[in-house]
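Me: I would like to learn how to read a protein model. Could we go through one together?

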Amino acid sequence: MHQLKRFIDYIRIYSKYVDFTLLISYVVLCLIGLVMIYSASMVAGPRGMLTGGNGAVSSTYFYVRQLFAVILGFGIVFFMAYFMHINIIKNKRVQQITIFMMLFVLLLTLIAGKEVNGAKSWLNLGVMSLQPSEFLKIVTIIYLAYIYDKKKNLSRMSVDLLAPLILIGLCTGLVLLQPDFGSMLLIMMIIACIFLYAGIAFKPMLIMAGIVGSAAGLIMLGTYLFTGNFLLKHQSQRFEALQNPFKDESGIGYQLSNSLLAIGNGGLFGRGLGNGIMKLGYLPEPHTDFIFAVISEELGLVGVLIVIFLLFFIVYKGFLYAALANSLFYKLICVGVASYIGIQTFINMAGVSGLIPLTGVPLPFLSYGGSSMLSLSIAVGLLLMASKHVKQEAEQD
């Protein structure tokens, strides 16, 4: 009883440092995601139309698995917000072990991973499957923040600047070989945002952009030599579908045309929760990549704006704490997390609505996927740690 009282007192004392508006936004998004995943899969799941179900499954199959990931995510966020000390993350040995473990797991996934939708991105652990590329996003943010906080020589091309990129580049290259172009693109954009905020000079950034561009050019040249095209078949088809998805509605434009129809069907207030039509075999992955289209159809523009506001609010908080923090480490952590969530949101929504080619990137907190949920929960936990740090600094001043 005495231990319980001490625990409650500890929570009460440190709650004043926790940003509950950020925490509530995260929780509400996760709950909306649970409801929409159930709505998107309750009919298609029993009919065996959804990837990841191994044929026909119960109407609650995907909901229950996502619920488990959400509960685990809540636990991670709570632990990081109240009990995790920053010295654990900033420990040199922990950083080294984490980055090399990430490299090993990605290599293992490429060799012995499970292939889903043409990409060998999943590692089967028996009781569950893990998508290591989701956790690489977090590892990239923490590792670069740790390195560039310690190294001050960022104004010119140097070992301090390039050394961490070699390991991250190897990991990202393994993701590209799966192939998972969407995750690779997202990680590169997160790195670019961290570089910009870290104040790295223009010339080194230009040189690194040239290196990345040259590598991409070599990959495209190799693809051309082997296939006769600069892009793989499914990649070129996505660009073709983007130009006019309704030209071939039953072929290359199938996914995007049905997604646009679902968005258009929603109107202002939507058809009502559970009353969507396009999820019934028309949208290929309504519970994952196309959850935004299901939200649009069932909750309408009002529901979409609520979701966008909550996501924007979390991104805004990330950049706000980056501006308020005194430590470069916390600044880069916050910028990395805000970029991660903001860019991934844009890529998913823009792809589903026909602004950019489809990439298979999930919608943060809302799409089905345990690995994505856990990765994003760690990201929110990092922001809550930053909020605690900023408030403690302000209290000392």
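Below, we take the model topic by topic in questions and answers.

Me: Before we start, what kind of model is this, and how are residues numbered?

Reply: Side-chain values use heavy atoms, leaving out hydrogens and water, and local features need pLDDT of at least 70, with side-chain atom pairs counted only at pLDDT 80 or more, while totals for chains, interfaces and linings use all residues. This is a predicted model, and residues are numbered from 1 along each chain as its sequence is written.

Me: What does Phe 365 touch, leaving aside neighbours within four places in sequence?

Reply: Contact means heavy atoms within 4.5 Å. With those neighbours set aside, the contacts of Phe 365 include Tyr 26, Leu 29, Leu 311, Ile 341 and Val 380.

Me: In the open sheet of 3 strands, which strands stand at the edges?

Reply: Strands (E, at least two residues) and helices (H or I, at least four) are DSSP runs numbered from the N terminus, and two strands pair if DSSP finds at least two bridges between them. The order is S1-S2-S3, with antiparallel pairing. Each edge strand has a single partner, so one side of it is left without a neighbour in the sheet; these are S1 (114-116) and S3 (129-130).

Me: Which residue in S3 is the bridge partner of Asn 124?

Reply: Strand S2 (residues 119-124) pairs with S3 in the antiparallel sense over 2 bridges. The partner of Asn 124 in S3 is Ser 129.

Me: At about what angle does helix H5 run to S2?

Reply: Axes are lines fitted to C-alpha atoms, for helices over the stretch in contact, and angles run from 0 to 180 degrees between N-to-C directions. Helix H5 (residues 92-112) lies across S1 and S2, and its angle to S2 is about 110°.

Me: Are Glu 134 and Lys 137 buried or exposed, and how far apart are their N and O atoms?

Reply: A salt bridge is a side-chain nitrogen of Lys or Arg within 4 Å of a carboxyl oxygen of Asp or Glu. Glu 134 and Lys 137 sit 3 residues apart in helix H6 (residues 132-150), about one helical turn. Glu 134 is buried at 2% relative accessibility, and Lys 137 is buried too, at 1%. Their side chains meet in a salt bridge with an N to O distance of 3.0 Å.

Me: How many residues apart in sequence are Lys 279 and Glu 298?

Reply: Lys 279 forms a salt bridge with Glu 298, with the closest N and O atoms 2.7 Å apart. Lys 279 lies in the loop between H11 and H12 and Glu 298 in helix H12, so the pair ties together parts whose separation in sequence is 19 residues.

Me: What is the relative accessible area of Arg 271?

Reply: Arg 271 forms a salt bridge with Glu 297, their closest N and O atoms being 3.5 Å apart. Glu 297 is buried, at 1%. Arg 271 counts as partly exposed, and its value is 39%.

Notes:
Buried means under 20% relative accessible area, exposed over 50%, partly exposed in between (1.4 Å probe, protein chains only).
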